[in-house]
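Subject: Handover of a structure and notes on it

Dear colleague,

Please find below the structure that I am passing on to you.

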Amino acid sequence: MNNQTPPQIGSPPDSVGTAFSRAVALKCPMCNDGNLFSGWLRMKSKCESCGFIFERDPGYFLGSTYINYGLTTLITTWTYIGLHFMAGIGKTWLIPGLATFCIIFPFVFFRYARSLWLCFDCYFDRTGALEMRQESGTKPDPETSREN
Ligand SMILES: [Zn+2]
């Protein structure tokens, strides 16, 4: 007898706010229950709660690098402009500091960039997300649903 709780069936985020809150919480965009990551940089292949497959296609998360790169560039540029031209801080201090920021920030923001990409993709492409849910199915994982 299988006494596990049945998998939850979620739906794609129905508003920008919902998509954003699920992304910031690093939760599954479909059920808002399962975690996206099992470690600092290790992403799960699918939701442990609803079975939604996170990486739809090979290279799916390439788009998240645009979010990460874009935000890093914006912060670096505006910080330089603000601190150099408005606060008068010299290049000898600014450039090493901002170069260090450009190396560290993408690692720190990596998980959020992927989560934002996934959640907003599910928001804007609801049909694709629902198809992916059906493909991944709510079938129980054979490893965890063995009969005792
Ligand atoms: Zn889920």
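**Helix packing**

Helices α1 and α3 are roughly antiparallel to each other, a label given to angles over 145 degrees, while angles under 35 count as roughly parallel, 65 to 115 as roughly perpendicular and the rest as oblique. The model is a predicted one, in which local features need pLDDT of at least 70 and side-chain atom pairs count only at pLDDT 80 or more, whereas totals for chains, interfaces and linings use all residues. Residue numbers start from 1 along each chain, following its sequence as written. Helices (H or I, at least four residues) and strands (E, at least two) are DSSP runs, numbered from the N terminus.

The angle behind that description is about 150°, and the axes of α1 (residues 16–24) and α3 lie 8 Å apart. Axes here are lines fitted to C-alpha atoms, for helices over the stretch in contact, and the angles run from 0 to 180 degrees between N-to-C directions. On the α1 side the contact is made by V16, A19, R22, A23 and V24, and on the α3 side by Y112, S115, L116, C119, F120 and Y123. Two residues are in contact if their C-beta atoms, placed from the backbone, lie within 7 Å. The crossing of α1 past α3 is right-handed, meaning that the near helix is turned clockwise from the far one by less than a right angle; a left-handed crossing has it turned anticlockwise.

Helix α2 (residues 62–86) also packs against α3, at an angle of about 150° and with the axes 8 Å apart. That angle makes α2 roughly antiparallel to α3. The crossing of α2 past α3 is right-handed.

**The chain as a whole**

The chain contains 4 helices and 0 strands, and its pattern along the sequence reads α-α-α-α. Of its 148 residues, 23% are buried. A residue is buried if 20 or more other C-beta atoms lie within 10 Å of its own, exposed if 12 or fewer do, and partly exposed in between, with C-beta atoms placed from the backbone. Among contacts with a separation of 6 or more, 56% join residues 24 or more positions apart.

**Helix α3 and its kink**

Helix α3 covers residues 91–124, which is 34 residues, yet its end C-alpha atoms are only 42 Å apart, short of the 50 Å that a straight helix would reach at 1.5 Å a residue. The expected span is 1.5 Å times one less than the number of residues. The helix has a kink of about 50°, centred on F109; the bend at a residue is the angle between axes fitted to the seven residues ending there and the seven starting there. The buried residues of α3 are A113, R114, S115, L116, W117, L118, C119, D121, C122 and Y123.

L71 and F105 are 34 residues apart along the chain, and their C-alpha atoms are separated by 9.4 Å.

**The segment before α1**

P13 lies in the segment before α1 and is buried, with 23 other C-beta atoms within 10 Å. Leaving out residues up to four places away in sequence, P13 touches T18, A19, R22, P29, C119, C122 and Y123. P13 and C119 are 106 residues apart in sequence, but their C-alpha atoms are 7.4 Å apart in space.

**Loops**

Two residues in the loop between α1 and α2 deserve a note. L26 in that loop has a positive phi of about 55° although it is not a glycine. N32, also placed in that loop, is likewise not a glycine and has a positive phi of about 60°. L26 is partly exposed, with 16 other C-beta atoms within 10 Å, and N32 is partly exposed, with 19.

After α2 comes G88, with a positive phi near 75°. I89 sits in the loop between α2 and α3 and counts as partly exposed, with 14 C-beta neighbours inside 10 Å. Apart from neighbours within four places in sequence, I89 is in contact with L83, H84 and L94.

With kind regards
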